[in-house]
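Here is a short briefing to read alongside the structure. It goes through domains, the chain contact and the nonpolar core in turn.

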Amino acid sequence: MDTSVTATRAKIAEHAYRIRRNALRMGEVQGQGYIAQALDIADVLATAYFHAMRYRPEDPAWEGRDRFLLSNGHYAIALYAALIEAGIVPEEELETYGSDDSRLPMSGMASYTPGMEMSGGSLGQGLTIAVGRGLGLKRKGSKSFVYTLFSDGELDEGAVWEGLMSAAHHKLDNLIAIVDVNNQQADGPSSQVMAFEPLTEKMQAFGWFTQRIDGNDLDAVIAAFDAARNHPGPEPRMIIADTLMGCGVPFLEAREKNHFIRVEPNEWQLALEALDAGRTA
Amino acid sequence: MSTATAQKPKLKTSAMIASIAGDGQRTQAAPFGHALVKLAAERPEIVGMTADLAKYTDLHIFAQAYPERFYQMGMAEQLLMGAAAGFAHEGAMPFVTTYAVFATRRAYDFMHQTIAEDGLNVKIACALPGLTTGYGPSHQAAEDLALMRAMPGMTVIDPCDALDIEQMVPAVAEHKGPVYMRLLRGQVPLVLDEYDYKFELGKAKLVRDGRDVLVISSGIMTMRALEVAKALAADRVDVGVLHVPTIKPLDTSTILREAGRSGRLVVVAENHTTIGGLGEAIATALLRAGVTPQFRQIALPDAFLDAGALPTLHDRYGISTEAMSTTIKGWLG
């Protein structure tokens, strides 16, 4: 690996560390939160915001920006962590997470937060909005990409498949979707709640340029984003990211898998220390 | 089983898209489609989107005029609404069409969350409102207004005829924000041109004055009310008609003023279930203001409606001209 690639990777890794750190600090404010998901998706968000996407922190509505649509609104804690790291949301607002009158509510909503492009929460909607945005950008002659993140649990929703069909039908080569496969949803492992494999073959059959990667292997994530952007074909682009809930904090990684993991008051500091230990390791 | 003979009477149709126009009634073809084409020439931000019902919502007229501004989203109403939201985020003004049942019952959460919550400039035009098809409950949107009234930030419109629709299209485009509009398609009756009337968003209009009865109505029921007024004039019953094409926001001041004039029976007539539509909206407004005229409601029952020919069903459920006339005369004693 040449030095520029190594430097790029090191830079993104540092951002990923800081996104995880921001998320843990927000979790501590409320004493709860979808912290395991935030930790699993941090590498994807770091790559999106510090490698792939064009945006202006001082002007979140800049017309030339790439759009990022968070379909799984409960991952807001992760996206806020990235928006803070990107300088779109001031770091001091981290202390307000989930509190009254905060711009950082527990579930992501477009009208509350700079840089939040859609109101999630009712799962399975992001891809349909992304399709409309992709059509709208093409009609304007824009070169911007639409990124949308959704979770494996959202694959249960029929509207996701409406979006998958239509994105290929309309040849939305400006659309990059990322599925977070952490195999966990409200009632249990996603594969047991509603079997969704073989996912790569399904996405390919739906007409998407599809890559499946370890979503916590930063080199793989970077390569997948590059390939998605540079793919010469007319297909929409899908990145299936297999991720590890709690990634970066070993005792949370090892905790019994749950959609909403329990973190004891004294564990937040331990989690930050574990994260720091992993960073220097 | 008896054999069919040449004398067998022609059966009335329960076909899905039978015209609501009466025999010999003046009509205008596809007023929505033509009005949208005209407006789109001045407004490049307008795009048309549908869920496999362009031909049955008159959007095909727009698609023919502006093929590059027409988007077929397939038979997928949730996608239709979500994609319209995304398009509106990018500065377009989508006019989206489907049947009222599919928008309001199947894609409600998508309209609520992706369009209304963000106050997006999406115009949702839905054919087969209320009881305007004999096809049965799968296609009869008897509760669409109740559902859409309850959605925050949504403007709700129920036009009467081709003139109303023609004037409604530029008015909703001028309005910033989401709009749900009931749509009459195909050969649409033309009625209001005989009166001194102009559609204004948010305004109720007294189309005809009368001393004995005030019918407050929306949609095709205004057409029916005007026919009732003519019929009852022969019995020396003087019927006024207040047309309320904008269901939300409701023109409360005009309604209170007209309903508050003493000595008239107030009848709300709506092509909608008794629950949650114009009748209940007006009753609430009257009670809140302490205006308490004699009040009656003509509306569809809280029931799954029958399949059958529209004239049959309109008689059965009391919203035909004849049935309404009889009902109102009965109330007058």
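In this predicted model, chain B splits into domain 1 (28–189) and domain 2 (202–332). The centres of these two domains of chain B, taken over C-alpha atoms, are 25 Å apart.

**Between the domains of chain B**
- Domain 1 of chain B brings 24 residues to the contact, and domain 2 of chain B brings 29 residues.
- On the domain 1 side, the elements that give two or more residues are helix 6 (144–149) and strand 6 (155–157) of chain B.
- That side of domain 1 of chain B is made up of 13 nonpolar, five polar and six charged residues.

**Between chains A and B**
- Here 21 residues of chain A meet 22 residues of chain B.
- On the chain B side, helix 3 (77–89) and helix 5 (108–116) of chain B are the elements that give two or more residues.
- Helix 3 of chain B has the largest share of that side, with nine residues.
- By type, the chain B side holds ten nonpolar, eight polar and four charged residues.

**The largest nonpolar core**
- This core has 202 residues, and those with the most contacts inside it include Ala38(A), Tyr80(A), Leu80(B) and Ala84(B).
- Helix 2 (residues 35–52) of chain A is the element that gives the most to the core, with 13 residues.
- Domain 1 and domain 2 of chain B both give residues to the core, so it lies between them.
- Beyond its neighbours within four places in sequence, Leu80(B) is in contact with Met49(B), Ala51(B), Met73(B), Val96(B), Thr98(B) and Ala107(B).

Note on methods:
Residues numbered from 1 in each chain as written. Chains lettered and ligands numbered in written order. Predicted model: local features only at pLDDT ≥ 70, side-chain atom pairs only at ≥ 80, totals over all residues. Core = buried A, V, L, I, M, F, W, Y, C linked by C-beta atoms within 7 Å. Buried ≥ 20, exposed ≤ 12 C-beta atoms within 10 Å, placed from the backbone. Helix = DSSP H or I, 4+ residues; strand = E, 2+ residues; numbered from the N terminus. Domains from an automatic or database assignment. Contact = placed C-beta atoms within 7 Å. Nonpolar A, V, L, I, M, F, W, Y, C, P; charged D, E, K, R; others polar.
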